Amino acid sequence: MSGAGGGGGGGGGATGGGLETPTLDREAAGLLRDISEHGGYAYAAMSGLAAAGDVRAAEAAREMAWEQLHSGPWHSVLPAWRDAYSMACLHVARLHYRGGELKEALRVLDLGLIMGGTLLKKDLEAAVEKLSAEARGARVSGGDEGGEEAGGLDRRLVREGIDRDKVLRILPKKSLSIKSVAKRSALSLEGFLREFFLSGCPVIITDCMSQWPARTKWNDMDYLKTVAGDRTVPVEVGKNYLCSEWKQELITFSQFLDRLQSNDPSAANRTYLAQHPLFDQINELRKDILIPDYCFAGGGELNSLNAWFGPAGTVTPLHHDPHHNILAQVVGAKYIRLYSSSFSEELYPHSETMLCNSSKVDLDDIDEKEYPKIMDLEFLDCILEEGEMLYIPPKWWHYVRSLTTSFSVTFWWSKPESSADS
C-alpha cells in the first residue's frame with residue numbers, strides 16, 4: 001500500500017489513509033536527502049517504509065527523530081531533524097487514522113506541532129483540523145457533549161471572587177500596603193505611549209477586553225473540553241521551575257482540566273500550563289482573543305503570544321523578561337509584584353546563564369540574612385482582576401501568584417531597534 005509520495009516514498013498524500021499532506025508530498029525527497037547528509041540513513045529507510053504503510057517503521061522513524069531532538073540543548077538541534085520529526089508524526093498519525101484511532105492520531109499530530117519544525121506545519125494543522133472536527137462530530141452523535149452527565153454541577157472554572165483578608169495571609173510580606181500599580185480605564189493608544197510606554201512605567205488597563213469571546217467562553221469547562229479536550233499540551237508539574245522536583249509532562253487538555261477541577265492543594269503536584277504558544281497550536285482558542293493595539297506601540301511587532309493556565313496557588317518566581325509585555329487576565333485573578341529594572345543587583349539574580357533573569361530570592365519565604373538588600377526595596381503591586389490588562393516594561397522584575405484558577409494571555413513585543421534582544 002503505497003503512500004503517494006513526493007520523490008523517494010516520503011509523502012503521504014490523499015491516497016495515504018485520508019490525510020492530505022501536500023507540503024510533505026512536495027518536500028519529502030529534499031528533506032530525506034538533507035537528513036541522510038547528516039547521518040540519518042536509517043531514518044530515511046524507515047520513512048520510506050512508513051510511507052508504504054509499515055506501522056513499525058513509522059514508529060521507529062519517529063523514535064529516531066525524537067532521540068535527535070533530545071541529543072543536546074534545544075538550540076543545537078539541526079532544523080532538519082525537527083522537520084524529520086514532523087514527517088514521522090504525519091506518517092504515524094496517518095496510519096492511526098486509517099485504523100480509526102482518532103484520539104491517538106490527534107495526539108501524535110500535536111506532538112509534531114509542539115516538537116517539530118516549521119516546514120510541515122501547514123500539513124499538521126490541516127490534519128489536526130480534520131481530525132478535531134471528526135472527533136467532535138463523533139461526540140455529538142454519541143451524545144457525549146460533556147455537560148449533562150455531570151449531574152447539574154456548576155461547570156465554571158471560577159465561581160466567585162476573592163476574599164482580600166484571606167489573600168493577604170498568603171501573600172509575601174508588605175503586599176498591597178506600599179504603592180499600587182496605576183490603573184486607567186480604556187486608555188487610548190496615545191495616552192499609553194505618552195504616560196507609560198515612553199517612560200517605562202507599568203499600568204493596569206481596564207475595559208479593553210469586552211469584545212473578546214474568551215471573556216465568557218473560557219470560564220466554561222464544557223466549552224474548553226469541546227474545542228480542545230483531545231489535544232495534547234505540555235504542562236509543568238511542581239511548585240515552580242526553580243525547584244528540584246519540578247518536571248514537565250505531556251497530557252491531554254481534558255486531563256489538565258480534570259486536574260484543575262480536583263483542587264488538589266498539594267504544591268508538589270500542582271499542574272500548570274505555562275508560557276506555551278497554545279494559540280499557535282489550537283486555532284479555536286486563538287479565535288477567542290484579539291491582539292491589543294498597545295502591542296504595536298513604538299512601531300514594534302509581536303514576538304510571541306503565550307497562555308498561562310493553572311490553579312490557585314501557582315507561582316511564577318521573581319524574574320524579568322527582555323520584551324514589552326501585556327498580561328491579559330481572562331479568567332480568575334492574580335497578585336503581581338513588580339520591581340524596577342534599576343534594582344537588578346539588589347534582587348540577587350542567579351549567576352547561571354539559563355537562570356540569570358531569575359532572582360535567588362523566594363518572596364514567599366525571604367531569607368533576610370542571605371538577601372538583606374531586598375528588604376527595603378520599593379515595589380509596585382496589584383491584584384489583576386478578570387478583564388484587566390497589565391503592561392510590564394522590559395527588564396522589570398515581577399512575581400506572580402494565582403489567587404484563583406487563572407487563565408491569562410501574554411503578548412510580548414519589541415521595538416525595532418531592540419529586536420536583536422529577542
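Student: Which residues form the aromatic cluster?

Tutor: Trp218, Phe253, Phe256, Phe279, Phe309 and Phe407 form one aromatic cluster. Keep in mind that this is a predicted model. Across the whole structure, a search finds 19 aromatic pairs.

Student: Why is the pair of Trp218 and Phe407 called stacked?

Tutor: Look at the angle between the ring planes, which is 20°.

Student: What parts does the pair of Trp218 and Phe407 tie together?

Tutor: Trp218 sits in the loop between α9 (214–217) and α10, while Phe407 belongs to strand β13 (residues 406–414), so the pair ties together parts that are 189 residues apart in sequence.

Student: How do you know whether Trp218 and Phe407 are buried or exposed?

Tutor: Buried means under 20% relative accessible area. Trp218 has 0% relative accessibility, so Trp218 counts as buried. Phe407 is also at 0%, and therefore counts as buried. In the protein as a whole, buried residues make up 50% of the 422 residues.

Student: What makes the pair of Tyr43 and Trp81 edge-to-face?

Tutor: Here the planes are 80° apart. Anything over 60 degrees counts as edge-to-face, so that is the name for this pair. The rings lie 5.6 Å centre to centre, and both Tyr43 and Trp81 are buried.

Student: Where do Tyr43 and Trp81 lie?

Tutor: Tyr43 is in helix α2 (residues 41–51) and Trp81 is in helix α4 (residues 79–98), so this pair ties together parts that are 38 residues apart in sequence.

Student: Which residues make the contact of α10 and α11?

Tutor: From α10 come Met221, Leu224, Lys225 and Ala228, and from α11 come Phe253, Ser254, Leu257, Asp258 and Gln261. Sorted by class, this contact has 5 nonpolar, 2 polar and 2 charged residues. Phe253 also belongs to the aromatic cluster.

Student: How many helices and strands does the protein have?

Tutor: The secondary structure comes to 13 helices and 13 strands.

Technical notes:
Residues are numbered from 1 along each chain as its sequence is written. This is a predicted model: local features need pLDDT of at least 70, side-chain atom pairs count only at pLDDT 80 or more; totals for chains, interfaces and linings use all residues. Side-chain values use heavy atoms; hydrogens and water are left out. Contact means heavy atoms within 4.5 Å. Helices (H or I, at least four residues) and strands (E, at least two) are DSSP runs, numbered from the N terminus. Ala, Val, Leu, Ile, Met, Phe, Trp, Tyr, Cys and Pro count as nonpolar, Asp, Glu, Lys and Arg as charged, and the others, Gly among them, as polar. Rings of Phe, Tyr and Trp (its six-membered ring) pair if their centres lie within 6.5 Å; planes under 30 degrees apart count as stacked, over 60 as edge-to-face and the rest as tilted. Buried means under 20% relative accessible area, exposed over 50%, partly exposed in between (1.4 Å probe, protein chains only).
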